[in-house]
Amino acid sequence: MSKSAADDIKKKWLEAMGKPFDGHTGGKAEIIKRFSRDEFDGEIYIQENGSGKHQRVMMLFPKNMTEKAPAVVVPFYFPEAMMGGDPVTGESLESFKGVEMMLHLTRRGYITVSADSYHLTYIESEKDRLDFSRWQDAADELRRDHPDYSGIGKLVSDTRLLIDMLCDDPRVNTSRIGIAGHSLGGKMAFYTGCLDDRICAVLASDFGICWDQTNWHNDWYWGNSVNELKKCGMDHAELIAAGAMKPFCLIAGQYDNEESYEMMLKGASLCDALDMVSERFCFINHATGHRPPLWALEKGYDFLDKWVKDK
């Protein structure tokens, strides 16, 4: 597939997602706190992500850095979930134990970054951040304010702001930036990784790459627009093709399965690059449920090492 054809696919998907609003891209970030733990150092920022809106960002750094380091964006509900707890207060988050991608990857020598998702940043609410109804509240408000802008568009725009931060940070090797996510974070990682050329490899865990595998129809993703995308014959193989066979590792477990691998192959076929599948794609199906076991994550991290750290 030519670059112009890949660019046309990206344009089509970005138009379907809706254009960012209110100077949404390129948000200014202000550091508000530094902290240190035995395994890493950290910084907390407030970053503009819309007119009068901000997202809270956390960055982790390997100890004793002496040169620019590779980096991985780790989108999810909120950063502490990807650390297994609050690094400032010491509060443990047992429900996310085992998928602490930020912690795992920082141990491997990466700078990592994550932010609060828009269910926490777009609206003010007294509901707990783990109360899933906040997602619907935020999606409803987003639709009222910007009827042509999708939830997935908002998620991707906010995630790309984290890449902006990395690219502006002199401690980051900007030619070596990957992205990794689980579940909701897998959706965000997949879309952002395929659409943003600054990302050199994607790791996504059990996000449901086929339309009917998971909740793409929910308002905080695509809403009813999924039906229109299906009618137009659009599926996620096109996003893989738009990424021009960017290295992609998919960890399957519950929502992703062997059908997901067929979607990956379809994307490679659209690129006329089936001969590159064994080199650039990695499919790990642990088939033990939604939460990936550590061995599956470690295989995914090895894949990132090959295409991000060691490239």
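Select His236 and Ile209: a polar atom of the His236 side chain lies 2.6 Å from the backbone oxygen of Ile209. That pair is a polar contact, defined as N or O atoms within 3.5 Å, where within protein one must be able to donate a hydrogen and the other to accept it, and residues adjacent in sequence count only if both atoms are side-chain atoms. The model is predicted: local features need pLDDT of at least 70, side-chain atom pairs count only at pLDDT 80 or more, and totals for chains, interfaces and linings use all residues. Residues are numbered from 1 along each chain as its sequence is written, and side-chain values use heavy atoms, with hydrogens and water left out.

Stay on His236. It lies in helix H8, residues 236-242; helices (H or I, at least four residues) and strands (E, at least two) are DSSP runs numbered from the N terminus. His236 has a relative accessible area of 0% and is therefore buried. The classes are buried under 20% relative accessible area, exposed over 50%, and partly exposed in between, with a 1.4 Å probe and protein chains only. To show what surrounds His236, leave aside its neighbours within four places in sequence and select Trp13, Phe190, Tyr191, Ile209, Trp211, Trp216 and Met263, with which His236 is in contact. Contact means heavy atoms within 4.5 Å.

Leaving aside neighbours within four places in sequence, Lys230 is in contact with Trp211 and Asp212. Display the side chains of Lys230 and Asp212: a polar contact of 2.7 Å joins them. Lys230 is found in helix H7, residues 225-231. Its relative accessible area is 36%, so Lys230 is partly exposed. For a distance check, pick the C-alpha atoms of Lys230 and Pro247, which are 17 residues apart in sequence and 26 Å apart in space.

Next, look at two backbone angles. Most residues other than glycine have a negative phi. Select Ser183, which is not a glycine and has a positive phi of about 60°. Ser183 sits in the loop between strand E6 (172-182) and helix H6 (184-195), and with a relative accessible area of 15% it is buried. Then select Asp206, where phi is also positive, near 45°. Asp206 is in the loop between strand E7 (201-205) and H7, and is buried at a relative accessible area of 1%.

Move to Asp275, in the loop between helix H9 (258-270) and helix H10 (277-280). Is Asp275 buried or exposed? Asp275 is exposed, with a relative accessible area of 66%.

Finally, zoom out to the whole chain. The chain has eleven helices and nine strands, and its C-alpha trace spans about 50 × 45 × 35 Å along the principal axes. Of the 311 residues, 59% count as buried. Among contacts with a separation of 6 or more, 69% come from residues 24 or more positions apart. Colour by charge to see 37 positive and 49 negative side chains, with the centres of the two sets 3 Å apart. Lys and Arg count as positive and Asp and Glu as negative, while His and the chain ends are not counted; each charge is placed at NZ of Lys, CZ of Arg, CG of Asp or CD of Glu.
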